[in-house]
Amino acid sequence: MADLYTEKIKNLPITPDLENICAALKKSTSHFMVLTAETAAGKSTAVPLALLKHFNGKIVMLEPRRLAVLNIATRVADLLGEEVGETCGYQMHLESKMSSKTRFAVLTEAILTKKIQDDPLLEGTSVVVIDEFHERSIHADLALAFLKESIEMRDDLFVIVMSATIDTEKTALYLGKKKDDGTVESAPVFHVPGRQFPVKIEYAGDVTPAHAVLEEVKTRNDDGSILVFLPG
């Protein structure tokens, strides 16, 4: 774990902050934390590695879309040098790839809601991560409400709410802990900067996306990647 933790993710913007993120989460009086990280900071793939290192129980990450579930599970498993379904697995509607060895599970929203309903204490789980919280859905909001109740019954369960764009002040206040004098101590907020690159805009004209990509491949002289945004 140590080599993977330092070498395979060493260039991600979030890596230098991973130890502090875990330390701040453990010190949170409410057991909640708000983590904001700019796009491409690496929060969805690096944070699970840090949590696996610092917490003994299972780690559960909530994702709003099936594709994100598959991508994150595949990437984290690769960073661990394993196949999906070993230390890292996933579960979504009508599809699951987990085993008795799985400690980090990526779930779609409805699956987590059902798990909490079946087991309000979430026995064996140390940390729940709600990713992309800015997208807001009934399942994510409901899971968060249930988790607040679960934490009231357990002193060893922690929750991280992550987003690139979120109203941190209101969210941290909602996730804070009420003090004896009636005031609320907000949950800690941790911000990680991302990494930006120069962008040049070119118009390919009246051609298909496939044709535009092929022309781009022909004219490029590096081994970089091409990211294509398509309608819908």
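**View 1. Crossing of helices H2 and H3.** The axes of helix H2 (residues 18-27) and helix H3 (residues 43-54) come within 10 Å of each other and cross at roughly 60 degrees. Axes are lines fitted to C-alpha atoms, for helices over the stretch in contact, with angles running from 0 to 180 degrees between N-to-C directions. The structure is a predicted model, in which local features need pLDDT of at least 70 and side-chain atom pairs count only at pLDDT 80 or more, while totals for chains, interfaces and linings use all residues. Residues are numbered from 1 along each chain as its sequence is written, and side-chain values use heavy atoms, with hydrogens and water left out. Helices (H or I, at least four residues) and strands (E, at least two) are DSSP runs, numbered from the N terminus. H2 and H3 are therefore oblique to each other; angles under 35 degrees count as roughly parallel, over 145 as roughly antiparallel, 65 to 115 as roughly perpendicular and the rest as oblique. H2 passes H3 in a right-handed crossing; a crossing is left-handed if the near helix is turned anticlockwise from the far one by less than a right angle, and right-handed if clockwise.

**View 2. Residues between H2 and H3.** From H2, Leu18, Glu19, Cys22, Leu25 and Lys26 meet Ala46, Val47, Ala50, Leu51, Lys53 and His54 of H3, contact meaning heavy atoms within 4.5 Å. By class, this contact of H2 with H3 has seven nonpolar, one polar and three charged residues (Ala, Val, Leu, Ile, Met, Phe, Trp, Tyr, Cys and Pro count as nonpolar, Asp, Glu, Lys and Arg as charged, and the others, Gly among them, as polar).

**View 3. The open sheet.** Eight strands form an open sheet of mixed pairing, in the order S4-S3-S5-S2-S6-S7-S1-S10; two strands pair if DSSP finds at least two bridges between them. Strand S4 (95-97) and strand S10 (189-192) are the edge strands, each pairing on one side only. Within the sheet, strand S6 (residues 125-130) and strand S7 (residues 158-163) pair in the parallel sense over four bridges. Val127 stands opposite Phe158 in S7.

**View 4. Helix H4 on the sheet.** Helix H4 (residues 66-79) lies across strand S2 (58-63), strand S3 (88-92), S4 and strand S5 (104-108), and runs at about 170 degrees to S3.

**View 5. Packing of H5 against H6.** The axes of helix H5 (residues 109-118) and helix H6 (residues 138-153) come within 9 Å and cross at roughly 30 degrees, which makes H5 roughly parallel to H6. H5 passes H6 in a left-handed crossing. The residues of this contact divide into eight nonpolar, four polar and one charged.
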